[in-house]
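Morning, everyone. Please look at the model on the screen while I talk.

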Amino acid sequence: MKAIIAEKPSVAREIAQLLGAHEKKDGYLSGNGYCVTWALGHLIALGMPEDYGIRGFNKASLPIFPNPFILTPKKLKKAKGYELDPSALKQLNTIKQVINQCSSIIVATDAGREGELIFRYIYHYIQCDKPFERLWISSLTEKAIQEGFTNLQSGDTFDGLYEAAKARSEADWLVGINATQALTIAGNQDVYSLGRVQTPTLALICQRFLQHQNFTKQKYFQIQLSHRKEYTDFTSLSLLQWEEKKQAEQIQKSIEREGKAIVEDVSITTVQEQSPLLFDLTELQKEANRKLGLSADEVLQIAQSLYEKKFITYPRTGSKYIPEDLWTEIPELVRILNTTDHFKPAISTLKFGNFNKRIVNDVKVTDHHGLLITTKVPSALTATEKAIYEMIAYRLLESLSHACTKQVSHIMIKVHHYEFQIKGSTISEKGWHAIKGILSDNEIPNDAEALTELPELKIGDELKISKTNLLEKTTQPPKLYTEADLLSAMENAGRSIENKEEQKALSNIGIGTPATRASIIETLLSRNYITRKSKILHPTDKGLQVYNLIKDKKIANVQMTAEWEIAMDRIEKGELNKDQFINDIQHYTAEITSELLSLHIPQENTPQLNCPKCQKHNLIIKDKIVKCPDEQCNWILFRIICGVQLSIKDLTLLLTQNKTSLIKNMKSKNGKKFDAFLLLKDDLSTSFIFQ
């Protein structure tokens with residue numbers, strides 16, 4: 001018998017169905033010489049400080065350097081600490097039973113760093129020494145699974161992948177646990193959370209927010225001229241900008257008196273706009289955030305669902321390319337799409353037998369290739385699943401199209417000694433823009449004049465000025481981050497490094513990986529460090545407080561995080577010893593722990609409020625909760641109400657006068673905003689009163 005371990009029950013069922021293992025058991029399926037079982041994500045994790053005998057947050061215990069790290073079954077956070085997850089324990093027991101009755105193991109967890117770690121941690125925790133092979137697939141279609149089983153690889157082929165995953169896991173523990181405890185001790189036990197990736201990401205959001213807030217807007221003026229030639233209307237814009245309105249008005253009048261301009265320079269260039277590459281996960285998340293308003297985490301969940309339903313390939317990819325051997329399957333995918341009326345107009349613009357091969361690059365395919373649809377025609381999709389599927393399908397069709405060719409005109413004209421610029425372009429070959437229409441979606445150029453068709457102009461031509469306009473403009477602050485912008489900033493974090501040599505080395509390395517960036521944003525939201533307002537990410541007061549404390553500290557350093565990603569890549573390739581990396585991380589952890597412990601954090605002026613239930617104790621007021629310190633009384637109030645944090649003022653009103661002031665912009669379960677008063681009832685529960 002062979003044991004097969006998948007990452008989720010749904011994947012295990014697909015594999016079992018294909019292998020003829022139809023007999024249902026408690027926690028696994030068996031038959032035809034196979035026992036197919038599953039993990040439930042991360043069943044095993046690194047132990048918490050209490051597993052090493054360290055209880056509470058104690059300055060003398062820091063920094064904590066476990067040697068060796070202890071593996072424990074997954075735990076759940078409870079009011080009095082952490083408790084073992086009963087469902088995790090049950091499934092672990094099942095996996096152990098399955099492995100005991102089999103001679104060897106086939107690893108079928110997700111083919112990536114985290115999937116490898118999930119299996120290896122289970123393998124080591126149950127002290128297994130049986131041989132194992134690896135199923136490495138990028139799609140859950142029948143064909144892909146069959147090919148994967150035909151080409152099973154030796155387990156030790158992926159030792160480098162496991163070492164990199166283990167290094168990431170241990171490094172995150174060392175930095176996260178020690179930094180969190182150090183800052184919490186410095187903050188007099190008000191719990192703060194810091195981490196290797198979340199803290200530099202928070203720093204990006206806060207930096208942009210403060211730049212936006214502190215930006216001083218300045219007015220300036222430009223002159224726009226209107227022209228007409230050969231029945232075509234177009235405009236020109238002054239190159240100069242004037243700060244003084246009076247000066248600009250005087251120049252405008254002199255130009256009106258002149259009434260004509262002379263063409264000084266004509267430049268017409270042919271520009272080829274290459275077709276886009278396939279989506280990787282980050283690019284898909286950015287596009288879906290811009291166009292559908294979906295969060296990065298929502299996009300990942302939808303893509304994972306489409307993958308498990310066998311409609312798309314593995315979503316957690318960092319590549320936009322496919323290998324050469326997959327190219328022969330692309331025409332079949334296009335034919336599958338052509339069976340749907342929805343895609344027929346787009347496919348009619350493609351030239352079969354002459355597809356663009358720009359997406360083929362063996363060198364640039366990482367663990368998984370770019371996102372593709374599969375040969376399975378989708379059915380019974382939700383609205384968001386349909387939207388994401390169509391995005392991936394259209395991107396494939398665009399990538400197979402040829403470049404869009406434009407004739408771009410830059411014309412310089414002069415009135416007196418003042419220069420004006422005319423821009424325009426004509427499209428000679430639609431290329432990939434024809435898939436969804438030339439001006440669809442985000443293909444509208446930033447420059448509104450860029451698609452102006454111009455009459456023929458040559459040097460020395462005289463152009464009449466039919467009208468002049470004085471345009472009053474204002475300098476704009478840097479835009480606050482949307483999730484799409486933040487994902488770009490995380491992806492391109494290396495570019496923000498000032499040292500040019502280091503910037504070059506880190507040019508393609510960002511904060512986190514495509515698979516983890518969504519969870520980092522969700523972590524910052526759950527910690528109440530940031531909030532979503534419409535599509536925009538804003539830091540909270542707590543987020544800004546943490547940023548101000550750590551902005552000059554090593555833990556907020558984007559460069560350090562990016563360098564770690566390089567190090568883990570080198571560990572995977574066998575170019576760097578994992579123990580050496582962890583040794584360096586320990587030195588780094590010791591430095592940041594010392595830095596954080598030396599901080600002085602001023603305490604929030606919290607009022608002394610009496611517990612409304614027992615009337616004996618002053619309440620403990622924290623960021624998310626207000627509670628009575630007496631465990632017998634155990635009265636608690638959650639401070640986040642429908643997405644809005646209850647202010648100290650409203651908290652005081654609620655507990656002294658039983659009613660808050662009007663709380664604005666709360667969000668109901670269906671996403672609608674509302675305003676209401678919060679009332680403390682006689683039974684000490686709360687309810688809303690609407691205006």
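One definition to begin. Buried means under 20% relative accessible area, exposed means over 50%, and partly exposed is in between, using a 1.4 Å probe and protein chains only. With that in hand, take Arg 290: its relative accessible area is 36%, so Arg 290 is partly exposed.

Now the ground rules. This is a predicted model, where local features need pLDDT of at least 70, side-chain atom pairs count only at pLDDT 80 or more, and totals for chains, interfaces and linings use all residues. Residues are numbered from 1 along each chain as its sequence is written, and side-chain values use heavy atoms, with hydrogens and water left out.

Back to Arg 290. Arg 290 forms a salt bridge with Glu 287, and the closest N and O atoms are 3.1 Å apart. A salt bridge here is a side-chain nitrogen of Lys or Arg within 4 Å of a carboxyl oxygen of Asp or Glu. Glu 287 is buried, at 5% relative accessibility. Both residues sit in helix H8 (residues 281-292), three residues apart, which means about one helical turn between them. Helices are DSSP runs of H or I with at least four residues, strands are runs of E with at least two, and both are numbered from the N terminus.

Glu 332 is partly exposed at 35%, and Arg 335 is partly exposed at 45%.

Which residue forms a salt bridge with Asp 172? It is Arg 196, with the closest N and O atoms 2.4 Å apart. Asp 172 lies in helix H5 (residues 159-186) and Arg 196 in the loop between H5 and helix H6 (198-213), so this pair ties together parts 24 residues apart in sequence. Arg 196 is buried at 7%, while Asp 172 is partly exposed at 23%. Both belong to a salt-bridge network that also links Glu 114, Arg 168 and Glu 565. By this rule, the count comes to 40 salt bridges.

Next, the helix pair. Helix H17 (residues 558-572) and helix H18 (residues 578-597) pack at about 165°, with their axes 10 Å apart. That makes H17 roughly antiparallel to H18, since angles over 145 degrees count as roughly antiparallel. On the H17 side, the contact (heavy atoms within 4.5 Å) includes Met 560 and Trp 564. On the H18 side, Phe 581 and Tyr 588 are among the residues.

Last, the backbone. Most residues other than glycine have a negative phi, and most peptide bonds are trans. Here are some exceptions. A cis peptide bond joins Leu 62 and Pro 63, with omega about -10°. Another cis bond runs from Asn 67 to Pro 68, with omega near 0°. Pro 63 is in the loop between strand S5 (44-46) and strand S6 (71-73), and Pro 68 is in the loop between S5 and S6 as well.

Then phi. His 416 is not a glycine, yet its phi is positive, about 55°. His 416 sits in the loop between strand S15 (404-415) and strand S16 (418-429). Leu 684 also has a positive phi, about 70°. Its place is the loop between strand S27 (673-680) and strand S28 (686-689). Thanks, everyone.

How values were computed: Axes are lines fitted to C-alpha atoms, for helices over the stretch in contact, and angles run from 0 to 180 degrees between N-to-C directions. Angles under 35 degrees count as roughly parallel, over 145 as roughly antiparallel, 65 to 115 as roughly perpendicular and the rest as oblique.
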